[in-house]
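Me: I'd like to go through the labels on this model and ask what each one rests on. Can you put the values next to the cut-offs for me?

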Amino acid sequence: MIESIKNDIYFLKYVFAFSPSYVIGEAVVAVVNGLMPLPGIIISKLLVDGLVYGDSFQKIVIYILVYVALQFTGSFISEFVTERYININGHLYAMHFLLMVNHKKTELDLAQLDDPDVHQQAAMAEDLVYKGIGIDMIDNFFTAITSIVSIVATAIVLVYADVLLLFVILFSAVFSVMLDMKTENWELGQREENIYLTRVLNYYIEIMGDKACAKETRLYGFASWLMEKYYQTLKALRKRLEKLYNKSLKINLISIIIENLKSNGIYLYLAWLAFQNKISVGGFSQYFNAASQLSESILDFANFLVNLNINGKYIASFKDFMDLQPEIQSEYSSLYKENFDKAIKKPLTLSMSHVNFKYKDMDKLAIEDFSYTFEQGKVYVIVGGNGAGKSTLVHLLSNLYKPCSGGIYLNGMPVSSFNDKDYKSLFSIVFQDFKYFAFTIGENVALDKYNSKDTRDNKVNREIKEALQAAGLWKKVKSLNKGIDAGLGKIFYKDGVVLSGGESQKLAFARAIFHKPGILVLDEPSSALDPVAEDELFKSFQQISKDKIVIYISHRLSSAVLADEILFIKDGKLCESGVHQELLEQQGAYARYYNTQAKYYN
């Protein structure tokens, strides 16, 4: 229980940071709602007794006017605060906290995002948002304040009838709470497996709604197969939920029986007191209303304590995920900054020394005992078959993955001695699975450097144009009515531009050039380019390589002919390196690989 309360306080800080006005608004409404039943309980007695025992009509009118005024004032305050502060922030709550979970994903290492356990943790953190537990906790907290106010007020009234009634109501509430806790703990035990099945269902839904999958689903006609897999998983989840809710139904029925026995028993007892003239007719009405309100308030407060415990266990999932830390150093250090500034003053060299790396839960090394030095001003082409480790090598060089052993050095200084953000700023990488965003062309190239409020002739726009020219895409962009302000895709823009595969890769290359990297890496950048476009692209590499380390990964070896250095990788190992002609003369693995492609052109 104590740990759950700590988790509740932990999450309350997040909610207060999200919206102080929401928390304060809930507090105001809680106090008002706690006091609102009291005038009805007190004035109802005065009215009934006044009518029975012959009070003046003027006095009766005053009672009614006072009651109406108090009810109107309380309702107005509650409604105003609810609509002005609570509902607005409640509407935005889910989006905000889902964004927090996804922002946390951007902070984690790439290797962590390859881990299914991390995805399960993220799903359980999101589950808290979908269930509304975080915001309900605030609501429940202030409902508890309402309940306390109401309990004190109604208990004072009820004690004049019979103090025994307090113990009956309290005993009934404790029994109901014990049943509720049994239900909640049962549901909590089923949660992880239910979330996993829900993740699978959401994945099937995502596939069927994803435009990137639309061609395959239509061409191969496997939508019905996907639906069948969806319904099989849905059946398994439904079976689990039926078991869960059947158990909940049984427990709730017992609670209903207990509650009815208690309410009717109190009703009969108060009627007997009135029959014995121990309480007045107005007193009967007052005490019965007070007993009902007290019973409801005690149950609300008891349920708050139950929810406090249960919610704390749900919040533990959110806390565990948000407390995940990347293995690669992420905190910014002035000492690390000094190391970085010293390292980049010299011509750049990027070295790997006996680097080993394997993916989690994999037995085989993806990169094994890899040692090599890349030098500024040269174009390197890395070749090898599928699964040879080429892309993994890039991920290691750019510090997206951390080596299991060995070291990576920039000008002789270990990468681990730099701020990760500073080190990554040296790189521009065009990944083979590049995707453009549903932003304008200018935003896609410059990203956070782009400012739409600037004039069209500013420095950023000129650099965007230069990058598009170097990538061979400026002619296309220039022909558009809105130029670099043209939107991409049809998600948000009716007149959005849909780029071909080759044009998308040129856009990716323009982005890489725009950010003026010291190290430019292109992972299969020409897979969607025609031979002429690929030739132009490689000529651009040679022009910009004078002040950069350029690393080009490709299956197509036509580019390797003009490279300063070729690295041939097989099974995560560096088999051969050298210039094209030298490697051909060695008649080794590279020569066999090259000749396999070249024979179709001879």
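Me: Why does Lys 378 count as partly exposed?
Reply: Lys 378 has a relative accessible area of 29%. Buried means under 20%, exposed over 50%, and partly exposed is what lies in between, with a 1.4 Å probe and protein chains only. The 29% of Lys 378 is in that middle range, so partly exposed is the label. Before we go on: this is a predicted model, where local features need pLDDT of at least 70 and side-chain atom pairs count only at pLDDT 80 or more, while totals for chains, interfaces and linings use all residues. Residues are numbered from 1 along each chain as its sequence is written, and side-chain values use heavy atoms, with hydrogens and water left out.

Me: What makes Lys 378 and Glu 375 a salt bridge?
Reply: Their closest N and O atoms are 3.3 Å apart. A salt bridge asks for a side-chain nitrogen of Lys or Arg within 4 Å of a carboxyl oxygen of Asp or Glu, so this pair passes. Glu 375 is partly exposed as well, because its relative accessible area is 35%.

Me: How many salt bridges does a search of the whole structure find?
Reply: The search gives 15. One of the pairs is Asp 323 with Lys 319, at 3.1 Å between the closest N and O atoms. Asp 323 has 37% relative accessibility, so partly exposed applies; Lys 319 gets that label too, because its value is 26%. There is also a network of salt bridges that links Asp 115, Asp 117 and Lys 360.

Me: How do you know that the side chains of Lys 476 and Glu 503 meet in a salt bridge?
Reply: The N to O distance is 3.7 Å, and that is within the cut-off, so the pair counts. This pair links distant parts of the chain: Lys 476 sits in helix 17 (residues 474-478) and Glu 503 in helix 18, 27 residues apart. The helices here are DSSP runs of H or I with at least four residues, strands are runs of E with at least two, and both are numbered from the N terminus.

Me: Why does Glu 503 count as buried?
Reply: Glu 503 comes out at 19% relative accessibility, so buried is the label.

Me: Where does helix 18 lie?
Reply: Helix 18 (residues 501-514) lies across strand 6 and strand 7, running at about 180 degrees to strand 6. The angles run from 0 to 180 degrees between N-to-C directions, with axes fitted to C-alpha atoms, for helices over the stretch in contact. Contact here means heavy atoms within 4.5 Å.

Me: What makes strand 6 an edge strand?
Reply: The open sheet of six strands has the order 6-7-8-3-9-10, with mixed pairing. Strand 6 (427-430) and strand 10 (573-578) each pair on one side only. Two strands pair if DSSP finds at least two bridges between them. Strand 6 and strand 7 have four, in the parallel sense, so they qualify; Ser 428 has Leu 520 as its bridge partner in strand 7.

Me: Which way do the residues of strand 6 point?
Reply: Phe 427 and Ile 429 point one way, Ser 428 and Val 430 the other, and all are buried. In a regular strand the side chains alternate between the two faces of the sheet.

Me: Which residues make the nonpolar surface patch?
Reply: Ile 148, Val 152, Ile 156, Val 159, Tyr 160, Val 163, Leu 164, Phe 167 and Val 168 make a patch of about 870 Å². Helix 7 (133-158) and helix 8 (164-209) are the elements that give two or more residues to the patch.

Me: What qualifies Val 163, then?
Reply: Patch residues need over 30% relative accessible area and no salt bridge; like charges are joined within 9 Å, and nonpolar side chains (Val, Leu, Ile, Met, Phe, Trp, Tyr) within 5 Å. Areas come from the Shrake-Rupley method with a 1.4 Å probe, and for residues only the protein chains shown count as cover. Val 163, in the loop between helix 7 and helix 8, is at 41% and counts as partly exposed, so the area condition is met.
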